[in-house]
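Here are my notes on the model you sent. Please read them with the structure open.

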Amino acid sequence: MEVSLAGNPKLAAQRVAAGLKPIPGDGEPVAGRVPSIDGLYTLFTHSGATLGLILGELLAEEIVTATPSPVLAPFTLDRFSDEQQRDEVATGAWAPVR
């Protein structure tokens, strides 16, 4: 299967695939410092294309100023704990693109 991509020069994708995409259990982004590792920050989201710019700016400001962002407060890693019951995550939700 060959897929043509717009551009100059003309590009062709060698293959197309889909796989499992990690999404936090509550479906919300995770942004902020990793409490157990000093100086480490994380940022991941299912909506990277739409939220990536603003989340990146907010997290960069948090890192540079060493001040937690009130906007990112609901999305910190701290909201998950070992005591929390984990729901089973379904697998096989994605099929190869043909």
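1. Burial. This is a predicted model. Of the protein's 98 residues, 14% count as buried. The cut-off for that label is under 20% relative accessible area.

2. Fold order. Reading from the N terminus, the order is β-β-β-β-α.

3. Contacts along the chain. Take the contacts between residues at least 6 apart in sequence. Of these, 41% join residues at least 24 apart.

4. Second largest pocket. Its volume is about 160 Å³. The lining of this pocket holds 13 residues. Gly-32, Arg-33, Glu-62, Pro-68 and Thr-76 lie nearest the centre.

5. Make-up of that lining. Which element gives the most to the lining of the second largest pocket? Strand β3, residues 30-33, does, with three residues. By type, the lining residues of the second largest pocket divide into six nonpolar, four polar and three charged.

6. Ala-66. Please look at the backbone here. Ala-66 has a positive phi of about 55°, although it is not a glycine. Ala-66 sits in the segment after α1, the helix that spans 48-65. Is Ala-66 buried or exposed? Ala-66 counts as exposed because its relative accessibility is 62%, and the cut-off for exposed is over 50%.

Technical notes:
Residues are numbered from 1 along each chain as its sequence is written. This is a predicted model: local features need pLDDT of at least 70, side-chain atom pairs count only at pLDDT 80 or more; totals for chains, interfaces and linings use all residues. Side-chain values use heavy atoms; hydrogens and water are left out. On a 1 Å grid over the protein atoms alone, a cavity is a set of points where a 1.4 Å probe fits but cannot get out, and a pocket is an open set with protein on both sides within 12 Å along at least five of seven lines; lining residues have an atom within 4 Å of a point. Grid points are joined across faces, edges and corners, and a volume is the space filled by probe spheres set on the points. Helices (H or I, at least four residues) and strands (E, at least two) are DSSP runs, numbered from the N terminus. Ala, Val, Leu, Ile, Met, Phe, Trp, Tyr, Cys and Pro count as nonpolar, Asp, Glu, Lys and Arg as charged, and the others, Gly among them, as polar. Buried means under 20% relative accessible area, exposed over 50%, partly exposed in between (1.4 Å probe, protein chains only). Contact means heavy atoms within 4.5 Å.
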